[in-house]
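User: I'm new to this one and could use a hand reading it. Can we start with how two chains meet?

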Amino acid sequence: MLRIVVMQQAWPAGDKLLRAAAGAATRMNSELTGLFIEDSDLLKLAGMPFACEVCFPSATRRELNTQQLERTLRSLAEEARRSLEALARHSALRSSFRVARGSLLAELLASVSETDVVVAGTLSRVSSAPGLSVFCVAGTAPAVIAELIDDLAPWAYGSIALVVLGADADTLPAWEVEVRKRLARKGLARRVRVLAPGDERELYALLRRPVEGAG
Amino acid sequence: MTNLSPDKLCRRCDTAQFSFTTTAELVDAEYALGQERAVEAIRFGIGMSPRGYNLFAMGPEGVGRHQIVSQLLAERAATEKIPDDWCYVFNFNQAHRPKALRLPAGKGIEFRRDMERLVEDLRAGIPAAFESDAYRAQRREIESELNERQSQAMGGVEESASAQGIALVRTPAGFGFAPRHEDSVMEPQEFLKLPEKERKRLEAVIGELQEELGKVLHEMPKWRREAYRKLKELNREITRTAVSGLIEDIRLKYAALPEVVAYMGAVQEDVLDHAEYFLQTKETEAPVGMDMSHSEAGESPLRRLAVNVLVERTSEAGAPVVYEDNPTHDNLIGRIEHLAQMGALKTDFTLIQAGALHRANGGYLILDAHRVLTQPFAWEALKRSLRSRQINMESLGQALSLISTVSLQPECVPLDVKVVLIGQRQHYYLLHQYDPEFASLFKVLVDFEDDMDRHPGSDLQFAGTMAAITRRESLRPLDREAVARVVERASRLAADSGKLTVQMMGLADLLRESDHWAAQSKEQIITAPHVQRAINAMEERSGRVRSRLRENVLRGTLLVDTSGERAGQINGLAVMQLGGFAFGMANRITARVRLGSGRVVDIERETDLGGPLHSKGVLILSGFLAGRYAQGVPLSLAASLVFEQSYGGVDGDSASSAELYALLSALADLPLPQSLAVTGSVNQHGDVQAIGGVNEKIEGFFDLCKARGLSGKQGVLIPASNVKHLMLKDEVVEAVAAGQFAVHAVSTIDEGIALLTGIPAGAADNSGQFPEGTVNYRVEQRLLKFAEQIRNRQSNGPRRRPVRARKRGNQ
């Protein structure tokens, strides 16, 4: 049985991503795991003596502290768990939920090694538009990836990042061609950019590169 | 005084005047028999166009008011033009005030179909336009522009931060800045280890970055609004290409109707603004800038383009004639219905229902006055509409402020209607007296007659009416004798041998029931016996009380003698009206006299059982006595009069002559024959005056006498002025012809008392003296004796106190 992990952050359109992922998992007869990441950078920020956040979109400033942030994160994680369980009950979907603490990218990459596919929203720190990122290991069936992206694409804005781990330069092009061929049938090939980072730092760098031709 | 001959007791309908064999040979008579005045008034009323010339048709039930009014209105309406259709459409400027549209007759339905077709076309055309590549490309461009603008701005802040060793971190509610260490945020402990100067610098830099970020975030809503506006404009342009042709077609079709053209302009603007209503979208594909969650016009946003055809005249041939059988407030001015949705009541303009005024607009509306007046607020609503000449659809809940939920206030519809109220006479007089607006709104009075003159030719007219009724109701035709019997019955119901009732309902009932008995006899023609059987059966069905009363008399429970004689006692005659059935019965009236102060005591009045007319009759007796007898002396009489064994109320003055006879008998001490009964009122001069129900009274006494056995001495005294009203049943006429019963017509009390006592009444000579041996002489002598007794008492002075009492007083 295919296992899908969906990142559940309190970011724009996070609930829509969850519903789309649950729909895809149901159609693909997969198990869905909710992943809530307590961002270590955020926790560090909260520990600073001057810690403060600028709220979006009101632009008001609010002080941060570790205790309050942890309480907020626990509350958000609980809310994410309940949302997942409610959806799973409604769709008769096998589901699980876990909370991880660490760097966002590192935790996502770590999750890929434990499952088949990881679905996340935007990885950009500056974009407020709903985005989509799909993580998988090299060799995952192109049909599965194409089907999943097709299910999730409608609600996402802009380009879709397909992050492939453990890929080697020999097999990756053929795999990518196969995926793109399938996505082309659904009119999605141009929106997908395939990233094959070696590690978290490389992925970070790749994500910061401007998108070409996607839109 | 006249002992009436049989031919005076009932005016027969001569069958020789009829040339037909049965009514099947007759043509239908005009429907408004004997109602010339009413017909003329209706024709005048419906011909008067100025406001306020509405009609009030008054008259008793059953004279054919509805039929005559409806028929005359229908005749007139058929020559008038068909009024316009009325529709309600959505008001795009004020959603709670639906707009009323006037269209030529028959065009309302067509316009609704055109709008339905337009919606269907828009549902196909608009999505197609939005699915075009051109639209997608332009939309993506706008969205990309916004996103890039935001990303660039945020990226600029991030770049600026990064250049200064600061990381931008996404927080649950926004963004934060922290010193960076390699690719992640610096540990707080490391930060604390930094030299204070460095910490201060970093904090200052972060402060500046927060300022910069704040400015960017402040700009973002503006950029978003700008993009939204561009998208709206794009959507309008795309929609316009799909819409304008379709709407223009309808606009051209209805170019002659400026209101429709203006409405179509508003429709176009609304469609351009709300193209999303026509898109078969999935939630996730909702175009940016299109709000799908909101609708003013109800469950489906497309309902706002529906057309509610309130009144349509497709099948009409002239002006409408509407009769509203249940004129409630809502049935008159229309109502706004509601639908229950999720436990709440919702409404929109498509749920507006027409009232009778809408349906009759441009024509005529017939209403029953009593029903309008008894329905809460219906009369007020009708007057308001007639006064303002428009139909303002306001629910009772709104009008009385009973509900405060948001509802509709449909635009008023101009009203041009002529209302005909049909009611009783008392309704008209009461309204005229108590409602100041009534006279100005209902200027035309249509007064229906109760009866018509019976003259040569009227019997034949009446036969024509019977022919019409039998044909309309598929009854058997009547032969000549049956027609004659019905005519005589009509005269009897009119209570006048010179009149015929125009109570068409009663006449139709008689014909129906006669037809029933003809059917029972398996005959194809209604004959006189069938008619008579129908009359007898009607009376028998209603005659339980009459039978019980007669039984009580015959068994001696109620004391009424029909033989023998007695002073101060006489049989009076009364009519009882129970439901629609009237019958006469005899009542014993007694009088007692003694010395007194000149007062005639009416015991009925003293016990509050006498009505005002009865009391008036008794008081007239005092005037009669005082004016005729012993004028030189005070009237020193104390008399009491009573209706014996009367336990209900007594009213009317028809017994006043009988009471006077009893009083004179008591004064003169002359016995009165109990075989005679008396009816008639009397004035102060002793003239006997006409009364009502003379036929029932005579028949009531006759039936009693017959039950005890007719002696030949029995009879009834009636006022001579009532002779023309006699339409007695055959049995009475035959008994009179056989000398077994008599009907005497008297004009004065003197005639009556002479007949009753067998002694001349006696006329006063020049000196005012009555001849000895006459009734009047005996009465006067008795009164003089009373006066003398009074005078003697007064001349003896005040009575001395009893000695015993005085003695007790001195102790």
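**Where the chains meet**

Analyst: C55(A) stands opposite G174(B) in β6(B); helices (H or I, at least four residues) and strands (E, at least two) are DSSP runs, numbered from the N terminus. This is a predicted model, where local features need pLDDT of at least 70, side-chain atom pairs count only at pLDDT 80 or more, and totals for chains, interfaces and linings use all residues. Residues are numbered from 1 along each chain as its sequence is written, while chains are lettered from A and ligands numbered from 1 in the order written.

User: How many bridges join β3 of chain A to β6(B)?

Analyst: Strands pair if DSSP finds at least two bridges between them. Here 3 bridges link strand β3 (residues 52–55) of chain A to β6(B), and the two run antiparallel.

User: How many residues of chain B are in contact with chain A?

Analyst: Contact means C-beta atoms, placed from the backbone, within 7 Å. By that rule, 37 residues of chain B touch 34 residues of chain A. On chain B's side, α7(B) gives the most, with 9 residues.

User: How do α5(B) and α7(B) pack?

Analyst: Axes are lines fitted to C-alpha atoms, for helices over the stretch in contact, and angles run from 0 to 180 degrees between N-to-C directions. These two pack at about 175°, axes 10 Å apart. That makes α5(B) roughly antiparallel to α7(B) (over 145 degrees).

User: And what is the mean pLDDT of chain B?

Analyst: pLDDT is the predictor's confidence in each residue, from 0 to 100. Chain B's mean is 88, with 94% of its residues at 70 or more. Over residues 800–811 of chain B, though, pLDDT is below 50.

Definitions and conventions. Two residues are in contact if their C-beta atoms, placed from the backbone, lie within 7 Å. Angles under 35 degrees count as roughly parallel, over 145 as roughly antiparallel, 65 to 115 as roughly perpendicular and the rest as oblique.
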